[in-house]
Amino acid sequence: MNAGQIEILEDVERPGIERVRALLARVIEGEFEHREDGHSIGCLTVNTTVELAARDPEAAALLERDLTTRLAMLRTAIRSGQQDGAITTRRSAEALARYVNAVIGGMLISAQGGADRATLESVAETALDALAVR
């Protein structure tokens with residue numbers, strides 16, 4: 001799952017806000033590719049964070065490396081959106097990257113709990129709205 005998400009975030013031909021939008025759309029698609037009985041099978045990173053991070057130092061180190069990479073790519077996309085004016089909130093790229101990452105985690109958990117596509121799309125749109133203060 002990470003490979004497709006990384007590809008989206010590294011696509012510098014696409015404006016920053018569009019990279020974030022495409023990432024959120026990809027997360028939603030991924031949750032509906034692997035459904036059992038109306039529930040997502042979950043995300044390995046999120047599940048491992050919840051189950052092992054506090055008890056397994058090796059797992060925690062792997063998760064920290066993944067988070068560091070993900071936040072760096074999100075910051076880059078967000079900075080791009082800030083530079084071209086599409087992302088207008090005054091929050092820092094760091095804070096916004098952490099926010100988007102938390103939104104994604106929440107979406108993944110919601111999908112695991114059975115949230116439908118419309119619910120996840122609404123969460124994604126609300127997150128995008130938060131990036132562009134009107």
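The model is a predicted one, in which local features need pLDDT of at least 70, side-chain atom pairs count only at pLDDT 80 or more, and totals for chains, interfaces and linings use all residues. Residues are numbered from 1 along each chain as its sequence is written, and side-chain values use heavy atoms, with hydrogens and water left out.

I begin with the charged pairs. Side chains of opposite charge can pair when their charged atoms come close. Here, a salt bridge is a side-chain nitrogen of Lys or Arg within 4 Å of a carboxyl oxygen of Asp or Glu. Searching the whole structure gives eight of them, and I shall discuss some.

In one of these, Arg14 pairs with Asp11, with 3.5 Å between the closest N and O atoms. Both residues are partly exposed, a class that lies between buried (under 20% relative accessible area) and exposed (over 50%), using a 1.4 Å probe and protein chains only. The relative accessible area is 30% for Arg14 and 26% for Asp11.

Another salt bridge joins Glu33 to Arg26, where the closest N and O atoms are 3.2 Å apart. Glu33 is partly exposed at 45% relative accessibility, as is Arg26 at 26%.

Which parts of the chain does the salt bridge between Glu125 and Arg21 tie together? The N to O distance in this pair is 3.6 Å. Glu125 belongs to helix α6 (residues 117-131) and Arg21 to helix α2 (residues 16-33), so the pair ties together parts 104 residues apart in sequence. Helices here are DSSP runs of H or I with at least four residues, numbered from the N terminus. Glu125 is partly exposed at 41%, and Arg21 is partly exposed at 32%. Together with Glu18, these two residues are linked in a network of salt bridges.

I turn now to the helix packing. Helix α1 (residues 2-9) packs against helix α4 (residues 57-83) at an angle of about 30 degrees, and their axes are 9 Å apart. The axes are lines fitted to C-alpha atoms over the stretch in contact, and angles run from 0 to 180 degrees between N-to-C directions. The two helices are therefore roughly parallel, a term for angles under 35 degrees.

Which residues meet at this packing? Asn2, Gln5, Ile6 and Leu9 of α1 meet Asp66, Arg70, Met73, Leu74 and Ala77 of α4, where contact means heavy atoms within 4.5 Å.

Key. Parallel < 35°, antiparallel > 145°, perpendicular 65-115°, else oblique.
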